[in-house]
Amino acid sequence: MSSSRILIPSIIILALAIAMGSYAPQVGAARAFFVFGDSLVDNGNNNYLATTARADAPPYGIDFPTHQPTGRFSNGLNIPDLISQYIGSEFLLPYLSPQLTGNKLLVGANFASAGVGVLNDTGIQFVNVIRMVEQIEYFREYQRRLSALVGAQGAKRLVNQALVLITVGGNDFVNNYYLVPYSVRSRQYSLPDYVKFVISDYKKLLMKLYELGARRVLVTGTGPLGCVPAELAMRSTNGDCSTQLQKAAYLFNPQLTQMIAQLNTHYVSDIFIAANTGLPQSDFITNPQAYGFTTSKIACCGQGPYNGLGMCTPASNLCKNRDQYVFWDAFHPSERANKYIVQQILNGSPDYMFPMNLTTILALDSTT
């Protein structure tokens, strides 16, 4: 992580350029970055909420540069952190952080909140979370704050030229449709119809981001939902992935890519990029040893079968070598697994990234 002592002068220069109406992306220059979604990408917003969906106690953050918990559901860096490093940016602050003021606004913001889904009723057991419609409203509020700093035109340019990441959808199955006891949604819809319902609402969220100025949006699919340690602990008798949840992911991800292609056709531009992040995770789970992992079934931190029950806490079992585990806790990849996922976001083939990967996006944008 670059030190703020080095980065602050460049941020001040960027602010002056925007204020003078001369800001344009440059090769190698950091662009603003915005993140929306759930615990896979939350940088600590839930620390400021009265909720059980929190990662602000050890051993979370044990491998973070500060070796302290930050609210990230990881032993170290999460996917937004790794993308920030690649684009030459500071790590994003959570939107609710009181430190997100002044020139820090130019870096971007993380609006994500652990526990949320595409649907408003997903994650209701966590009570206080920032639902997706609220994250979008915070993005609108952020732009008003940014306009006060650099002017309306400067704010518009920064947002238009920013990179956006949205990661949501898995909780709509894990913490809604398949929530035990059976949820209302599972009685309302067959699984195929429910997937269509979630995709329809997801489309509305993406269109709202476009209306608010987002022009380069990475949209991740779900991971292999039935293979996470939590589901193995609750649903598996022999260590095999849950077929129900796997079916949900198999239905959801292709339809998400199809919906993104339709939106890009509608806008006559490659605004939205489908990131099939479930595919590299499936690679790890199918053959963890090929990627240098010891296990893809047992979480590094947890308790019960596969260390898959409950949260990671100071009283949990804790592995010694986090790099050997695909999963850090019952649901979330380890930092090393996140690095592999981001490598596919950066350089992946069309099977992983449609219609193009992030390296191609950045190269294209640097020439316009």
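Q: How does Cys-241 count by relative accessibility: buried, exposed or partly exposed?
A: This is a predicted model, where local features need pLDDT of at least 70, side-chain atom pairs count only at pLDDT 80 or more, and totals for chains, interfaces and linings use all residues. Residues are numbered from 1 along each chain as its sequence is written, and side-chain values use heavy atoms, leaving out hydrogens and water. Buried means under 20% relative accessible area, exposed over 50%, and partly exposed in between (1.4 Å probe, protein chains only). Cys-241 has 27% relative accessibility, so the residue counts as partly exposed.

Q: Which residue does a disulfide join to Cys-241?
A: A disulfide is a pair of cysteine sulfur atoms within 2.5 Å. At an S to S distance of 2.0 Å, Cys-241 is joined to Cys-227.

Q: What is the relative accessible area of Cys-227?
A: Cys-227 is bonded to Cys-241. Cys-227 is buried, because its relative accessible area is 4%.

Q: Is the disulfide of Cys-301 and Cys-312 right-handed or left-handed?
A: The two sulfurs of Cys-301 and Cys-312 are 1.9 Å apart. The torsion about their S-S bond is about 80 degrees, so this disulfide is right-handed.

Q: What is the torsion about the S-S bond of Cys-300 and Cys-319?
A: Cys-300 and Cys-319 are joined with S to S 2.0 Å. Their link is left-handed, with a value of -90 degrees.

Q: Which pattern do the disulfides of the chain follow?
A: The count comes to 3 disulfides. With bonded cysteines counted along the chain, the pattern is 1-2, 3-6, 4-5.
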